[in-house]
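Please read the briefing below alongside the sequence and the coordinates. It takes up backbone geometry and then the contact between the chains.

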Protein chains: 2
Amino acid sequence: MKNKHSIIHVILTGGVGSRLWPLSRKSQPKQYLDIFDGKSLFEMTVDRNRNIADKVMVVGNIDNCNLSRNILEKTNTEYIDIIESTPRNTAAAIAFSAFAADPDDILIITPSDHIIDDRKAYEGSIQEAVEKAEQGYIVTFGIVPTKPETGYGYIEREGDDVISFREKPNQVSARDFIAKGNFLWNSGMFCFKAAVLLEELKAFHPEVYEKSRLVWANNVNGNLDLALSLDIPSISIDYAVMERSKKIKVVSSKFDWSDLGSFESVYDYLVSIGHAIDENGNMVIGTNNYTAFIGVKDTIFVYTPTANLILKKEFSQDVKSVYNALARDNSDLLN
Amino acid sequence: MKNKHSIIHVILTGGVGSRLWPLSRKSQPKQYLDIFDGKSLFEMTVDRNRNIADKVMVVGNIDNCNLSRNILEKTNTEYIDIIESTPRNTAAAIAFSAFAADPDDILIITPSDHIIDDRKAYEGSIQEAVEKAEQGYIVTFGIVPTKPETGYGYIEREGDDVISFREKPNQVSARDFIAKGNFLWNSGMFCFKAAVLLEELKAFHPEVYEKSRLVWANNVNGNLDLALSLDIPSISIDYAVMERSKKIKVVSSKFDWSDLGSFESVYDYLVSIGHAIDENGNMVIGTNNYTAFIGVKDTIFVYTPTANLILKKEFSQDVKSVYNALARDNSDLLN
């Protein structure tokens with residue numbers, strides 16, 4: 001028996017993937033690349049939620065919406081576009097999707113650029129979240145951590161109650177979190193009833209609520225007005241709602257998960273699916289040409305037709321500096 | 001006033017340049033690559049001796065002779081081909097050139113893959129060598145060393161007399177050589193009267209002499225017979241003659257010289273002519289595409305359309321291991 005409300009999968013396609021440059025470009029963000037096992041991360045995201053959701057909404061800029069359309073039409077997936085004219089961060093993006101839905105609809109918000117491996121465990125967690133959302137909670141998904149990762153935020157919890165949200169920790173804090181045992185990785189995925197999220201946003205950040213409402217009210221076939229959009233404060237949903245609302249619950253999830261947020265996590269993922277490394281842990285991404293590494297270890301060679309990267313794995317966070325330097329120079333190599 | 005004998009520049013084109021793989025290939029050995037300042041090393045070798053020699057002889061296999069021909073015809077240089085059917089090392093190659101010349105001709109033997117920068121100093125050294133060759137000496141060229149290089153052989157000398165030839169030393173010996181002050185780098189260049197070299201070869205290695213003579217006697221337009229050639233012992237001119245004859249003199253030479261025998265020496269040379277390196281000493285060879293290096297130092301990225309090399313500079317000698325491994329696998333990537 002079907003509930004009268006819909007379950008809507010809302011895919012946030014924002015994010016440039018600057019830490020995966022030169023693979024990820026403005027014209028080809030990481031979620032649309034085909035390097036992960038033949039399918040793009042976006043396509044895998046759609047597939048993963050196909051049995052769960054009744055509808056798909058895609059929120060993002062015009063370029064990403066076009067790239068999304070190619071994939072969604074290829075797979076005959078019906079969807080609704082919300083086309084942002086300027087990035088306003090996750091609070092506004094999620095508000096648009098909630099305004100676009102019916103008040104009783106259940107929204108599952110996911111990024112489009114994560115890897116999740118255990119489909120059954122994933123569907124179980126979603127099921128649990130939908131039930132809590134129907135009870136009026138805003139659900140965040142916490143991943144049971146497998147190592148003291150410093151690249152992720154953490155959720156401190158007691159049962160399904162959230163005690164605190166923690167920023168990316170240093171190595172000492174991360175080890176401490178793991179030792180304590182009640183910390184989860186913050187996945188950036190959420191589930192809630194549209195009306196509940198909007199109530200909480202209105203209560204804790206009325207300006208974002210009001211201005212997002214106005215932008216959505218003036219949408220033309222899902223296209224949002226630039227001038228009105230620029231007026232919305234650019235803040236995250238975590239800051240606007242999650243860290244303030246008393247209606248938050250966390251679903252502790254055991255599936256294999258990675259945000260592929262850096263070449264280090266891409267490397268780990270690729271190794272896990274059998275991508276070749278040499279005897280010193282060196283890896284080639286982006287070309288099948290034979291590449292010899294001599295005198296270097298744990299180094300990633302990223303080839304693209306217009307730019308290359310040679311990266312010692314543990315310096316993966318520094319890719320952003322190269323990206324920023326190219327951005328300052330207005331380099332074509334970011335496009 | 002011209003001497004009645006000719007001065008012949010004999011260019012040895014043998015050598016695969018395996019330490020410069022993947023830049024250097026069987027079909028395109030390093031001496032024919034255009035990466036060194038626009039001209040190939042072979043062309044620079046011809047140019048450098050153009051004012052000195054009356055004739056040019058090219059000794060090498062058929063592929064190298066074809067590559068040489070392209071350059072020599074482009075520059076309207078007349079030359080004689082000696083086309084080896086199988087590599088028999090320098091003793092035989094040099095013997096062929098001496099048999100091909102008149103007995104009184106002065107031969108200047110040079111590799112085709114070295115860099116020499118000071119043209120005037122070079123011509124001065126050649127002039128000095130030719131005079132000694134006319135007096136009946138076999139002249140070897142020693143380069144005044146600028147550092148305790150372990151990649152070169154050394155010549156211990158007293159004035160223009162050779163005391164000993166030394167193999168590539170270890171670091172301690174190399175420093176000792178430099179401290180002693182009477183050691184020169186062995187350049188692999190020679191100058192002698194054809195008849196004198198042949199007399200000494202006959203005296204010290206009659207088998208190479210006799211079999212090389214037979215091969216040359218049966219040449220067809222410079223092409224040497226394979227079956228006869230295979231019968232010649234494969235040994236170096238250093239071992240067959242230089243280290244044994246009492247007629248050896250050394251010309252101490254002050255020009256800038258490199259055998260470009262490894263990527264480390266290629267790197268040093270390219271830096272000296274202004275090729276870019278980043279702030280950590282990393283260098284790109286073979287592509288103009290932007291390449292970022294993160295977390296690595298003194299690393300050379302060698303791009304070719306079919307294979308790449310990522311090499312920590314001080315491991316340059318290990319390129320040969322990769323080459324040998326590919327050779328064992330009969331890899332196309334060596335061609």
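A:N221 lies in the loop between α7 (206-217) and α8 (226-230) of chain A, where helices (H or I, at least four residues) and strands (E, at least two) are DSSP runs, numbered from the N terminus. Although A:N221 is not a glycine, this residue has a positive phi of about 50°. This is a predicted model, in which local features need pLDDT of at least 70 and side-chain atom pairs count only at pLDDT 80 or more, while totals for chains, interfaces and linings use all residues. Residues are numbered from 1 along each chain as its sequence is written, chains are lettered from A and ligands numbered from 1 in the order in which they are written, and side-chain values use heavy atoms, with hydrogens and water left out.

**Cis peptide bonds**

- In chain A, the peptide bond joining A:W21 and A:P22 is cis, with omega about 10°, and A:P22 lies in the loop between β1 (7-12) and α1 (41-48) of chain A.
- In chain B, the bond from B:W21 to B:P22 is cis, with omega near 10°, and B:P22 is placed in the loop between β1 (7-12) and α1 (41-48) of chain B.

**Relation of the two copies**

- Chain A is superposed on chain B by a rotation of 180° with 0.1 Å of shift along its axis, at an RMSD of 0.1 Å (least squares on the C-alpha atoms of residues with pLDDT of at least 70 in both).
- The two copies are thus related as by a two-fold rotation axis.
- Because 100% of the interface residues of chain A are also interface residues in chain B, the copies meet through the same surface.

**Extent and make-up of the interface**

- The contact (heavy atoms within 4.5 Å) takes 28 residues from chain A and 28 residues from chain B.
- Between them the chains bury about 2100 Å², 67% of it on carbon and sulfur atoms, buried area being the accessible area (1.4 Å probe) that two parts lose on being put together, summed over both.
- A:Y290, A:I294 and A:I310 supply 36% of the area that chain A buries against chain B, more than any other three residues.
- There are 0 salt bridges between chain A and chain B (a side-chain nitrogen of Lys or Arg within 4 Å of a carboxyl oxygen of Asp or Glu).

**Elements at the interface**

- β13 (290-294), β14 (299-303), β15 (307-312) and α11 (319-328) of chain A each supply at least two residues of the side that touches chain B.
- The largest share of that side, 6 residues, comes from β15(A).
- The bridge partner of A:Y290 in β15(B) is B:A307.

Definitions and conventions: Two strands pair if DSSP finds at least two bridges between them.
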